Amino acid sequence: MDSIEELFRNSDISKKMGEILRSYKGKQVTLMEVCGTHTMAIHKYGIKNLLPSSVKLVSGPGCPICVTPGSFVRTAITLSRDEDVIITTFGDMIRVPCDGESLLDEKSKGSDIRIVYSPLESIKIAQQEKNKRVVFLSIGFETTTPVCALTVLKADELRLKNFSMLTANKTIPDVMEILSADENLGIDGFIYPGHVSAITGNSLYRKIAQNCRIPGVVAGFEPMDILHAIITLIRMINKNEADVINEYSRIVKEDGNQIARNIVNEVFEESDSVWRGLGNIPNSGMKLRQKYTKYDAHEIFDVKDVDIDEPAGCLCGDVLKGIKIPPDCLLFGRTCTPGSPVGACMVSSEGTCSAYYKYGQ
């Protein structure tokens, strides 16, 4: 049996899909890929080079590192300077700049900041470092929030008193409604994220399709996945069809993962949330329920996030909204590179600026 990679990276079929796209003579369409992993794959596989000039792809706010606001980073840096605190975080967060500083800088100065591959590792660290207070930086979309919820439940089971989370978890559907309603963006169709949809299912997107008359396709991340999604969207747009089609059915089910959603709902509840470049979006975030506020670092340390301006000249906010592309920024590739990022969009491999820098287009 062929592997998934062999099935969905078939060069002959991909070429035929490219020919279909290049032969398109219909109206101008603008499609937004919502997920940062899609953005990276589109650039890595040179998919934009296969599109006619009448089909435009723009990137959305689908990189969790990128949309986490500077105010959160500033609070994390402040906490890291407490000698009694150990910060645990996913790798990319350590490099996100804020007013010319980062957690990596604090680590170099002696702060105890540790990279983990799962928030559950923070539980082990808290058990080992009983005289320290361990704070996990909890960010991400529906994909990572379930394991963050499991970590809180585990801490509660163990009755840990030296573990907490600084939370900035976000959800995709509400921000999509904001983008759909923005006439300046002129989005005709969405390529919806496969990983997120594996948790949420497809039904959440149907409201957007129906209310805003914008079709969507849930897609995987192989070249043929993305090309098929683009072809399907073009056909739907030209037929004036506003629906959501799941073309990642090998992973995504209509109702998603109910077990994961139940775990999240046990620990988290909806809240307003600040997105870099998009501001405060009602009900687009997740905060710990009252029952679990004893693990809320904001409450424990009595800290409040303060507004932080984007670095001078940085267009990361506009890139996340899809109204600018990285080369429009005068810092891109000059003072802002993956080795020395000025803006958050250059930090993560899922960031649009990082993808443009690495693969071009």
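Which residues is Ser-273 in contact with, leaving aside its neighbours within four places in sequence? I opened my notebook with that one. I am working from a predicted model.

**Entry 1: Ser-273**

I found Ser-273 in strand S10, which runs over residues 268-275. With sequence neighbours within four places left out, I listed Asn-169, Lys-170, Gly-279, Asn-280, Ile-281, Ser-284 and Gly-285 as its contacts. I then looked up its accessibility. Ser-273 has a relative accessibility of 9%, so I put it down as buried.

**Entry 2: Tyr-205**

Next I went to Tyr-205. I located Tyr-205 in helix H11, residues 203-212. Is Tyr-205 buried or exposed? Its relative accessibility is 1%, so Tyr-205 counts as buried. I set aside neighbours within four places in sequence and read off the contacts of Tyr-205: Tyr-192, Pro-193, Val-196, Ser-197, Thr-200, Val-218 and Val-244. I also checked Tyr-205 against Asp-174. The two are 31 residues apart in sequence, and their C-alpha atoms are 9.7 Å apart in space.

**Entry 3: helix H12**

I turned to H12, residues 223-238. Helix H12 has 16 residues. From first C-alpha to last I get 23 Å, close to the 22 Å expected at 1.5 Å a residue. How many residues of H12 are buried? I noted 13 of the 16, so H12 is largely enclosed by the rest of the structure. Just after H12 I marked Asn-240, which has a positive phi of about 60°.

**Entry 4: H2 against H12**

I wanted the packing of H2 on H12. Two packed helices are described by the angle between their axes and the distance between the axes. I looked up both values. Helix H2 covers residues 11-22, and its axis comes within 10 Å of that of H12. The axes cross at roughly 25°. Angles under 35 degrees count as roughly parallel, so I wrote H2 and H12 down as roughly parallel to each other. The crossing of H2 past H12 is left-handed.

Which residues meet here? On the H2 side I have Ile-13, Ser-14, Met-17, Ile-20 and Leu-21. On the H12 side I have Met-224, Leu-227, His-228, Ile-230, Ile-231 and Ile-234. I sorted the residues of this contact into nine nonpolar, two polar and no charged.

I checked the span of H8, residues 145-158. Its 14 residues should span 20 Å at 1.5 Å a residue, and the end C-alpha atoms are 20 Å apart, so the two values agree. I listed the buried residues of H8 as Thr-145, Pro-146, Cys-148, Ala-149, Thr-151, Val-152 and Ala-155.

Which residue just after H8 takes a positive phi? I found Arg-159 there, with phi of about 55°. Arg-159 is a residue other than glycine. I placed Arg-159 in the loop between H8 and strand S6 (163-170). Its relative accessibility is 70%, so Arg-159 counts as exposed.

**Entry 5: Asp-99**

My last stop was Asp-99. Asp-99 is not a glycine, yet its phi is positive, about 55°. Where does Asp-99 sit? I placed Asp-99 in the loop between strand S3 (85-89) and helix H6 (103-108). Exposed means over 50% relative accessible area. Asp-99 has 55%, so I noted it as exposed.

How values were computed:
Residues numbered from 1 in each chain as written. Predicted model: local features only at pLDDT ≥ 70, side-chain atom pairs only at ≥ 80, totals over all residues. Heavy atoms only, no water. Helix = DSSP H or I, 4+ residues; strand = E, 2+ residues; numbered from the N terminus. Expected span 1.5 Å × (residues − 1). Buried < 20%, exposed > 50% of the residue type's maximum accessible area, 1.4 Å probe, protein only. Axes fitted to C-alpha atoms, helices over the stretch in contact; angles between N-to-C directions. Parallel < 35°, antiparallel > 145°, perpendicular 65-115°, else oblique. Left-handed = near helix turned anticlockwise from the far one by under 90°. Contact = heavy atoms within 4.5 Å. Nonpolar A, V, L, I, M, F, W, Y, C, P; charged D, E, K, R; others polar.
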